[in-house]
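Visitor: I would like to go through some of the labels used for this structure and hear what each one rests on.
Guide: Then let us take the labels one at a time.

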Amino acid sequence: MSVARRFSVVSVPSLRVLGVVAGLLASGCSGTKYIPEGARLYTGSTVKIKSEVAVPNEAVLQTELEGVITPKPNASILGLRPKLYFWHLGEGKTKGLGKWLANKYGERPVLISEVDTQKVKRLMVNRLNNNGYFTPSVGSKIQVKDRTATVDYTALVGKPYTIKEIHFPERDTLIDRAIRATESASLLKVGEPYNLQTFVNERARIDGVLKNQGYYYFTPDYLLFQVDSTLDNQVNVYLKVKSTIPPRAAKPYVLNNVTLNTSYNLSDTTQNQQPVIFEKYRYFPDEKVFKAKAITNATFLYPDSLYRRRRSDQTLSRLMSLGTFKFVDIRFRPARAKADSAGYGFLNSFVRMTQVPKQSLRAEVLLVSKSNGFTGPGFQVQYRNRSALRGAEQLLINLTGTFENQTQGNTATIGVTSYEVGVDAQLLVPRLITPPFDIRLVNSDFQPRTSFGAGYRYVQRVGAFQEDVLSLNYGYTWKTKLTNEQELRPIDLQYIRLGNTSPEFDQLLVDRPFLANSFRQQFILGSSYRYTYNQQALEQRRNQIYFSGGLEVSGNAAYLLSNLTGQAKRTNPADNSQAYTLLNQEFSQYSKVDLEFRNYFRTSVDPTSGNKLATRLLIGAGIPYLNSRVLPYLKQYGIGGPNSVRAFAARGVGPGAYRPSSARETSTQFYDQVGDIRLEANAEYRQDLFPYVKGALFVDAGNIWLVNPDDKRPGGQFNPKDFLKQLAVGAGAGIRIDVEFFVIRLDLAYPLRYPFDTGAIKDAAGNELVGAVKSSPRLNIAIGYPF
């Protein structure tokens with residue numbers, strides 16, 4: 001009531017809010033207002049370990065003992081328990097706002113009467129025994145204070161038992177010999193403390209080894225550990241195979257027939273057909289869709305070879321990664337028609353594959369949102385053939401079209417409206433074509449691919465120019481682990497022909513020699529390599545690392561050939577620069593390195609939680625040399641925009657401390673504000689707010705620089721002494737609507753530091769050319785997360 005008197009002039013809605021706050025405070029002070037009369041609220045427990053000797057890994061042992069304590073007390077924040085208040089709002093109600101709040105945010109009081117201390121103590125004794133403390137005692141004491149109660153548990157332990165001797169099976173049988181052969185890799189070590197979990201892991205380890213040595217029917221339960229603990233705090237361990245195991249579990253198996261069925265369905269009729277025999281495989285039903293060789297290349301179960309679980313798992317993974325099958329399973333059955341030989345049994349293997357449709361056609365309407373600020377509608381029509389050459393080769397043909405507008409640019413900039421139509425084709429072959437070598441990566445679970453690509457795009461920038469873009473590439477992609485992927489493109493050619501330029505754009509090229517060079521040298525004879533390490537597939541990890549590093553080179557072989565053959569360089573009259581040509585077209589020569597580091601730390605132990613701290617560092621550098629003074633325009637870096645430094649417009653920063661100093665330069669900043677070197681860092685905290693809604697707080701920093709000086713862009717060259725001072729910095733907050741397959745993002749960012757002087761720019765006579773920069777927030781609307 002005292003709160004209401006102090007705020008006697010507030011509105012009725014405000015009084016309701018204050019009532020809720022007052023209720024939360026009242027319930028949070030003790031958390032006992034809404035518990036039954038005579039009961040006490042359980043507020044938690046403590047665990048202490050007492051021993052006359054040092055306890056190894058005491059903190060780990062204490063955490064394990066705390067893990068068996070039940071029930072868990074009510075959640076509290078700084079001593080407050082607001083969930084008890086929400087629970088009270090719905091008490092005795094079947095519907096209404098109070099019931100909804102109780103179900104959504106409330107929590108029933110946990111009472112001391114619900115704590116079964118005897119059960120908890122038995123569980124603690126069990127955990128202590130599992131850790132080698134064979135004669136422990138655990139006591140408990142309830143501490144009462146007002147209407148709350150806690151429980152203190154005390155564990156008295158002695159010196160833990162350690163392993164003195166380890167004895168592996170000694171019989172002269174196939175299975176005992178196989179188990180003895182694994183002894184050098186045993187997880188059990190003499191002198192180490194006794195730990196039950198280590199014994200469990202040791203059984204699983206041995207079973208895994210045996211499964212890869214033909215013991216198909218063996219299970220970890222067939223292994224028995226006998227422990228002699230009559231020694232002084234030491235144990236002798238005897239590993240044995242149970243005498244009751246079935247005979248089939250004690251012998252290894254060899255694969256007899258391996259049947260591959262690529263058209264399996266529930267009404268399978270292949271039993272009435274004759275298989276194709278290919279390299280001892282029985283292949284069903286025929287080779288109209290898939291050649292047998294295409295499937296056997298992805299199969300690692302070989303007739304007349306020892307059964308190995310590793311090869312079975314690898315076959316499943318490889319066949320699924322072909323992209324042509326909906327389901328794949330493998331079954332093994334005893335080969336009853338073939339008698340055992342020399343203690344070995346025989347299995348028949350059946351690999352059953354259910355196809356997805358061979359051909360498909362998909363059309364999509366898109367909202368294009370690019371990092372350079374261009375947005376607009378688009379469409380894509382894709383044709384896919386999943387076995388174009390009957391070898392599980394995937395042929396993709398894409399027809400795309402977009403209409404884009406640079407919504408965040410200066411309205412006077414030419415070429416901000418763009419039309420684009422393109423067609424490209426890609427053939428993905430599920431093997432590495434590396435004549436004369438046959439490289440299969442037999443220890444990888446993932447299908448390597450060779451890709452062939454070609455494409456054409458027609459680009460029309462209204463009021464500026466028209467471009468024809470041709471591309472041709474050939475390369476390989478492969479993975480050795482789930483987290484590792486590599487891509488090598490020995491051939492990555494691009495040819496961009498500039499045509500039908502406007503007088504305004506022609507004048508821009510005259511005014512900007514670097515731009516004229518970059519558009520003139522857009523014949524790229526490139527090769528590239530990229531390595532990616534990505535832990536995001538390991539969803540249980542709280543801390544996930546992502547790294548991508550790429551190297552790209554262009555023009556080196558062409559330059560060497562031109563030089564050795566004595567070709568003459570062509571002189572460009574615009575700037576008197578000289579360069580070799582190929583097919584009467586200057587080609588670019590450069591080396592380019594791009595590095596990206598990301599780290600995602602989930603602040604919650606719950607693997608489904610979206611609460612995380614995400615950070616990113618981008619480092620890039622392209623060095624033109626010999627035949628080039630600048631990078632091709634499409635290879636240069638820009639910074640700013642919804643996926644970069646969000647407080648600044650796309651291409652609104654850099655290079656370096658350069659700032660457009662006239663209305664003319666401001667209108668062409670989209671073309672001017674690019675560079676050869678990039679440094680960018682981002683940090684973002686993401687928080688789950690409501691179902692499908694997430695919030696974020698972020699800080700961005702970065703800039704771009706030139707390798708060579710440009711008198712048209714003063715302050716743009718990279719200087720090791722000044723580059724940190726030239727970083728643009730912005731911060732802000734955002735809302736994301738995340739429905740798993742689609743994310744809409746709104747980020748409001750505010751510039752904190754500019755890389756240039758924000759005052760008005762004046763000429764020698766004192767006339768103002770460009771006004772002072774006024775800091776204002778920028779709203780970015782984008783699709784997907786920024787990183």
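Guide: One definition comes before the helix pair: axes are lines fitted to C-alpha atoms, for helices over the stretch in contact, and angles run from 0 to 180 degrees between N-to-C directions. The model itself is predicted.

Visitor: What angle and axis distance describe the packing of H3 and H6?
Guide: Helix H3, residues 58-66, and helix H6, residues 117-130, pack at about 145 degrees, and their axes are 9 Å apart. The crossing of H3 and H6 is right-handed.

Visitor: Which residues make the contact of H3 and H6?
Guide: Contact means heavy atoms within 4.5 Å. H3 contributes Leu61, Glu64 and Leu65, and H6 contributes Met124, Arg127 and Leu128. By class, the contact has 4 nonpolar residues, 2 charged ones and no polar ones. Leu and Met count as nonpolar, and Glu and Arg as charged.

Visitor: What makes a space in the structure a cavity?
Guide: A cavity is a set of grid points where a 1.4 Å probe fits but cannot get out. Of 30 Å³ or more, the structure holds 2 cavities. The second largest cavity has about 40 Å³ of space.

Visitor: Which residues line the second largest cavity?
Guide: Its lining consists of Ala294, Asn297, Ala298, Leu322, Gly391, Pro430, Arg431 and Gln447. That lining divides into 4 nonpolar residues, 3 polar and 1 charged.

Visitor: Where are cis peptide bonds found, and what are their omega values?
Guide: One joins Thr70 and Pro71, with omega about -10 degrees. Pro71 is placed in the loop between H3 and helix H4 (82-89). Another joins Gly654 and Pro655, with omega about -5 degrees. Pro655 is in the loop between strand S26 (612-624) and helix H14 (663-667).

Visitor: Why is the phi of Leu583 worth a remark?
Guide: Most residues other than glycine have a negative phi, and most peptide bonds are trans. Leu583 is not a glycine, yet its phi is positive, about 55 degrees. The residue lies in the loop between strand S23 (581-582) and strand S24 (585-586).

Visitor: How do you know that residues 576-753 carry a domain name?
Guide: The name comes from UniProt, where an unreviewed entry places "domain: Bacterial surface antigen (D15)" at those residues. Such annotations may be inferred rather than shown by experiment. In the model, the span 576-753 is 46% strand and 5% helix, and its end C-alpha atoms lie 40 Å apart.

Terms used. Residues numbered from 1 in each chain as written. Predicted model: local features only at pLDDT ≥ 70, side-chain atom pairs only at ≥ 80, totals over all residues. Heavy atoms only, no water. Helix = DSSP H or I, 4+ residues; strand = E, 2+ residues; numbered from the N terminus. Left-handed = near helix turned anticlockwise from the far one by under 90°. 1 Å grid on protein atoms, 1.4 Å probe; cavity = no way out; pocket = protein on both sides within 12 Å on 5 of 7 lines; lining within 4 Å. Points joined across faces, edges and corners; volume = space filled by probe spheres on them.
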